[in-house]
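Biologist: Hi, could you walk me through this one? I'd like the overall picture before the details.

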Amino acid sequence: MSLSPDVSEGTCNDGYCVYIEPRFWGGRGISFVTRPQIIEKAALEAMREHYQQEIVDTIASEAFEESQIPGKGVGLIATRFLPKGELLVSEPPSLMVHLDMRDDMPKERRLQMQREGVNSLPASTKWEALGLMGHWGGDQVEDILDTNSFTVTLYKALDHHALFTQTARLNHDCRPNCMYTFNPRTLTQNVYTIQDVHPGEELTISYIDPSVTFKERQEMIQFWGFNCSCSACTLPAEAILASDERVRLINQYTSSLENWSAENNATPEMAKKLIELYKEEKLFCIIADGYKLAAYAYNAVRDRYNALRMANFAINYGLQSWRYMGGKMIDALQLLTSPEDHWTWGQRYTHAQS
Ligand SMILES: C[S@@+](CC[C@H](N)C(=O)[O-])C[C@H]1O[C@@H](n2cnc3c(N)ncnc32)[C@H](O)[C@@H]1O
């Protein structure tokens, strides 16, 4: 394979190789442990684009600082008022590791290649990565990956672990105030606030799908190996019951609003309640889904004005969320551009409404 002059190939085993580009992103460097064809098809172009580029410090570091958070280790605290939609971090991964390696090769060989990937990074990036928290013990690089990495799509759905050294310091909250998106074309992850954040508040993201009950969330978070001490999971028992009921209703209304069969009687009123529930539950990280359904529900009864309002909110919230990258965003934009041409127009319109 012809690599760019600065990408070097390290050890290869069982169809996977270590690749290092030390000049990527103004000298931060990047390492891959992946399949050769993925480097060729998905990563080389992004690496070339950022190869000689002078990268200004895109981390709005005056906006937050690291601090010890009781029961959670290090976390990030806002140092000034951060309005909804503020870009906090825009960073590339230091290390990307193909997930299939866990099945495709003996563990010790994989661990050795992962260590080679980190050790080949420029010194400051390497020490930044090795300074991250490890939660499980055992091999240091594997532990850091398992504690901090994001599962991202580089070539095919959810195919790599990616280690972002700034984003890794964000603790989990089931009702987070930040969201992130990963762009495989530019190899960057952006983190945005999804609600106004005041100085002294902790910045958080959700590591799990938060639209489930307290008990289900505890089970999911066990995958990450800790007991969640977030704002929603430390509420008094009665408040947790009330929250679970709101979550149950959100899921019930969502299924109903997503059902387009003739006998279904979902209404804009239901969509309005859905949005209220998202707000009461502080589920701003997924409220875009609610606004999209509300836009559909209004459009379905030819209430053009409210359909446009809701689609606008869906896009506004969706811009900060990986869930809205691609199809969902395009669909909401189509509705916003021309409600009458959208597939939902008049779908639930009856003569009684005329
Ligand atoms: C990606 S790291 C986050 C940054 C980390 N606190 C540090 O010191 O670098 C994930 C680890 O942080 C801790 N953590 C994150 N969110 C937490 C939460 N809601 N409750 C308790 N511990 C949490 C857990 O130890 C978890 O394994």
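Predicted model: local features only at pLDDT ≥ 70, side-chain atom pairs only at ≥ 80, totals over all residues.

Biologist: Thanks! How many helices and strands are there?

Modeller: There are 12 helices and 13 strands. Both are DSSP runs numbered from the N terminus: helices are H or I with at least four residues, strands are E with at least two.

Biologist: And what share of the residues is buried?

Modeller: Buried residues make up 53% of the 354. Buried means under 20% relative accessible area, exposed over 50%, and partly exposed in between, using a 1.4 Å probe and protein chains only.

Biologist: Switching to rings: how many aromatic pairs does the structure hold?

Modeller: It holds 13 aromatic pairs. One of them is Phe 150 with Tyr 180, edge-to-face at 4.9 Å centre to centre and 75° between the planes. Rings of Phe, Tyr and Trp (its six-membered ring) pair if their centres lie within 6.5 Å; planes under 30 degrees apart count as stacked, over 60 as edge-to-face and the rest as tilted.

Biologist: Which strands do Phe 150 and Tyr 180 lie in?

Modeller: Phe 150 lies in strand E8 (residues 150–152) and Tyr 180 in strand E11 (residues 178–183), so the pair ties together parts 30 residues apart in sequence. Phe 150 is buried, at 10% relative accessible area, and Tyr 180 is buried too, at 14%.

Biologist: Which residues do ring pairs link into a cluster there?

Modeller: The cluster comprises Phe 150, Phe 164, Tyr 180 and Phe 182.

Biologist: Now the backbone. What is phi of Leu 158, and where is that residue placed?

Modeller: Phi of Leu 158 is near 45°, positive although the residue is not glycine. Leu 158 sits in the loop between E8 and strand E9 (160–163).

Biologist: Leu 187 has a positive phi as well. Is that leucine buried or exposed?

Modeller: Leu 187 counts as buried, at 0% relative accessibility, whereas Leu 158 counts as exposed at 54%. Phi of Leu 187 is near 55°, and its loop runs between E11 and strand E12 (188–193).

Terms used. Residues numbered from 1 in each chain as written. Heavy atoms only, no water.
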